[in-house]
Amino acid sequence: MDYSRAVKIGLFLAIISLEEVIASKKPNIILIVGDDEGWNDFGFHGSSQIPTPNIDALAYNGVILDKFYTQQTCTPSRAALLTGVYPFRYGFQGTPINAGENRSLPFNIPTMAEQLKKLGYSTHLVGKWHLGAAYKKVTPTRRGFDSHFGYWAGFVGYFDYMASSEFTDTTNYTGLDLHHNFEPLWKYQGQYATDLFTKRSLNIIDKHNKDEPLFLLLAHLAAHTGKDGTELGVPNITEANEKYKYIDRKERRQYAEVVKKMDDSIGEIVQKLSDRKMLENSIIIFFSDNGAQTEGMYQNFASGWPLRGLKFTLFEGGVRGSCVAYSPLFEKQGYVNKELMHITDWLPTLYHAAGGNVSKLGKIDGINQWDVISRNISTNRSEILLNIDEVVNHSGVLGYNGRYKLINGTYKQGIYDSYFGDSGRNGNGPEYDFQAVLNSPTHVAIQKLASKIQIDKQSITRTKKQVDRSSCRDKSYTPKISCHEFCLFDIDQDPCETKNVIGDGDKLDIVNVLKNKLEGYYQVLTPQLNMKVDINSDPARFNDTWSTWLDYEEHKFGIRNVLQYLYESLVYT
Ligand SMILES: *[C@@H]1O[C@H](CO)[C@@H](O)[C@H](O)[C@H]1NC(C)=O
Ligand SMILES: *[C@@H]1O[C@H](CO)[C@@H](O)[C@H](O)[C@H]1NC(C)=O
Ligand SMILES: *[C@@H]1O[C@H](CO)[C@@H](O)[C@H](O)[C@H]1NC(C)=O
Ligand SMILES: *[C@@H]1O[C@H](CO)[C@@H](O)[C@H](O)[C@H]1NC(C)=O
Ligand SMILES: *[C@@H]1O[C@H](CO)[C@@H](O)[C@H](O)[C@H]1NC(C)=O
Ligand SMILES: *[C@@H]1O[C@H](CO)[C@@H](O)[C@H](O)[C@H]1NC(C)=O
Ligand SMILES: *[C@@H]1O[C@H](CO)[C@@H](O)[C@H](O)[C@H]1NC(C)=O
Ligand SMILES: *[C@@H]1O[C@H](CO)[C@@H](O)[C@H](O)[C@H]1NC(C)=O
Ligand SMILES: *[C@@H]1O[C@H](CO)[C@@H](O)[C@H](O)[C@H]1NC(C)=O
């Protein structure tokens, strides 16, 4: 054998083994979570009011999870996502954590970040945490994340990053809640939150050492209300008003821009993954943490049309999530998955995708759905405990492979139980913009990969039809159903929950089975641990920033705290 031939063979072998190394590399996991968006606020669900070409491109190139359920509000959803365990098992089923409230995820339940860290991931949280901050040890960087850039509370102002908490009827505690790990960040005040969180995410991807797998959780502030719980933060209100003038309510025009900016963010992230050649080995997931808050507290003018109910409720409008997943590693791409899934399933699913052995996760409620999503096979999940809130007396379970939903009681006398939100189908708005999807940075980046699938106007139209529920109830008909006691809905036949079929003679067995299940869950419930806002948490004591105040309290007379106190007295007074 001559020398050059040997070199060629050697090179060939080197390339093969390099390919093997690449093939066995753990996938990057990019999990993007929106806040309080409704079913009707994404183009792929049928309304053209709000342009979401990047999210839509993920949907058409990837998988739409059509029967994906979340919890009813922020804290329970994020707890379920990060632990894979139903929140009612550890007292997290009720009212979200207030800033200044001493409550946090139990230490005996590992977080997704902790589990992925064990598999060698570098782990980053950008944006919202909302799972406690009384002590350093309960914050993201002590619960598995290498870094956190964002806020600890439920929401902040889109430009000033101030979070407020009601201490008494007449006093609110207010302070800066933008932190890099524990450092308060005053210098970014004035920058728009969605842009800031995007910039930070791009920076993480840019600097990422590709020898390690990346777990990035980007939990956007969009589209929760911001400052004072009312702000619909957009960079330019005049422009938003002009751009969406076909939308009746001016607040929803601003809301539309908030969502559009979040969609732009996703485009930039996918493009960056592509630029760094990380996209070919990534899993990208997007969903909203719960349904729309069209009216009421923190009203954001989102729309869950035509579904019933808002955030806080267990109706489809509260818990049926808008969820898309894209990965070139999926065996099947560009389809609608109709299998039952729950937000707790992401932990085992992603752990499995990361090469972990799911049985090491111990007893959790989530199940590994990797093959279900990747190959469109039948799921093993046949039911979901939607929630039990033993304070407001409101619970629900979804059984029979997601077909039947039993609801027991209602949230606050049913104020959010009706039908809300703009249909976006009054004929004033634009047509669906197919070209915007095909031109989106997300679509363009995905189409550069070898595993791409063909997408055009016809295939998009076919996909949209499969998830369109716009005819599930008569527009002029708004049934008044009270679920003060039990209600049963046939979700497959009646996804808009217009008919309570609990009284139908042939449903007796179903009702009894579901009641038994619910009762079984009641037996193992941990009562809610909600506490009052702690008087010592007042940001006024910490240069107007939210801090891990109980670390300070418990070491008040320690030398470090005394020095810090003296320093602050000198500097801030
Ligand atoms: C805060 O919560 C922790 C954990 O439940 C508890 O040990 C501690 O006593 C609480 N402290 C205050 C001041 O509430
Ligand atoms: C406290 O903040 C809430 C909004 O979060 C607001 O409705 C209320 O009026 C504020 N109260 C005071 C006393 O400023
Ligand atoms: C907002 O946009 C309008 C119209 O494009 C422009 O005239 C105005 O200067 C902008 N305002 C700000 C604060 O940028
Ligand atoms: C996963 O772990 C379980 C229990 O530890 C073990 O029985 C099983 O063989 C493991 N599976 C693989 C594929 O390693
Ligand atoms: C996915 O599975 C469902 C149920 O088996 C089937 O009806 C559908 O055609 C499948 N879709 C694809 C793209 O395989
Ligand atoms: C469902 O469970 C069975 C038995 O544990 C298992 O063999 C099968 O792979 C599971 N199916 C899926 C889609 O995970
Ligand atoms: C919930 O039920 C319990 C026990 O039946 C009762 O004491 C409590 O007042 C109820 N709460 C509400 C908000 O109705
Ligand atoms: C229904 O809710 C009430 C509380 O309002 C509770 O006492 C009862 O046990 C629940 N029933 C079932 C079947 O879960
Ligand atoms: C204290 O707060 C002010 C803004 O009110 C800020 O400019 C300053 O940097 C803060 N000081 C420290 C030490 O964080």
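**Cavities, sheets and a buried helix**

The residues that line the second largest cavity divide into 10 nonpolar, one polar and three charged, where Ala, Val, Leu, Ile, Met, Phe, Trp, Tyr, Cys and Pro count as nonpolar, Asp, Glu, Lys and Arg as charged, and the others, Gly among them, as polar. Before I go on, please keep in mind that this is a predicted model, in which local features need pLDDT of at least 70 and side-chain atom pairs count only at pLDDT 80 or more, while totals for chains, interfaces and linings use all residues. Residues are numbered from 1 along each chain as its sequence is written, chains are lettered from A and ligands numbered from 1 in the order in which they are written, and side-chain values use heavy atoms, with hydrogens and water left out.

What do we mean by a cavity? On a 1 Å grid over the protein atoms alone, a cavity is a set of points where a 1.4 Å probe fits but cannot get out, whereas a pocket is an open set with protein on both sides within 12 Å along at least five of seven lines, and lining residues have an atom within 4 Å of a point. Grid points are joined across faces, edges and corners, and a volume is the space filled by probe spheres set on the points.

The second largest cavity holds about 90 Å³ of space, and of the 14 residues that line this cavity, Arg78, Leu81, Lys128, Leu217 and Ala219 are the closest to its centre. The elements that give two or more residues to this lining are H3, E3 and E9, with H3 giving the most, four residues; helices (H or I, at least four residues) and strands (E, at least two) are DSSP runs, numbered from the N terminus.

Let us stay with H3. How many residues of helix H3 (residues 74-83) are buried? The count is 10 of the 10, so H3 is largely enclosed by the rest of the structure, and buried here means under 20% relative accessible area, with exposed over 50% and partly exposed in between, using a 1.4 Å probe and protein chains only. The buried residues of H3 pack against several elements, among them strand E1 (28-34), strand E3 (122-128) and strand E9 (214-219), where contact means heavy atoms within 4.5 Å. After H3 comes Gly84, whose phi is positive, near 75°.

E3 and E9 pair in the parallel sense over six bridges, and His124 has Leu216 in E9 as its bridge partner.

In a regular strand the side chains alternate between the two faces of the sheet. In E1, Asn28, Ile30, Ile32 and Gly34 point one way while Ile29, Leu31 and Val33 point the other way, and all are buried. Seven of the seven residues of E1 are buried, so this strand is largely enclosed by the rest of the structure.

There is also an open sheet of four strands in the order E13-E14-E15-E16, with antiparallel pairing. Its edge strands are E13 and strand E16 (486-490), each of which pairs on one side only. Strand E14 (residues 394-399) and strand E15 (residues 404-408) pair over five bridges in the antiparallel sense, and Val397 has Leu406 in E15 as its bridge partner.

Finally, the largest pocket has a volume of about 830 Å³. It is lined by 39 residues, of which Thr95, Pro96, Asn98, Met297 and Tyr298 lie nearest its centre. E5 gives the largest share of this lining, six residues, and the lining as a whole divides into 16 nonpolar, 17 polar and six charged residues.

How values were computed:
Pairing = 2+ DSSP bridges.
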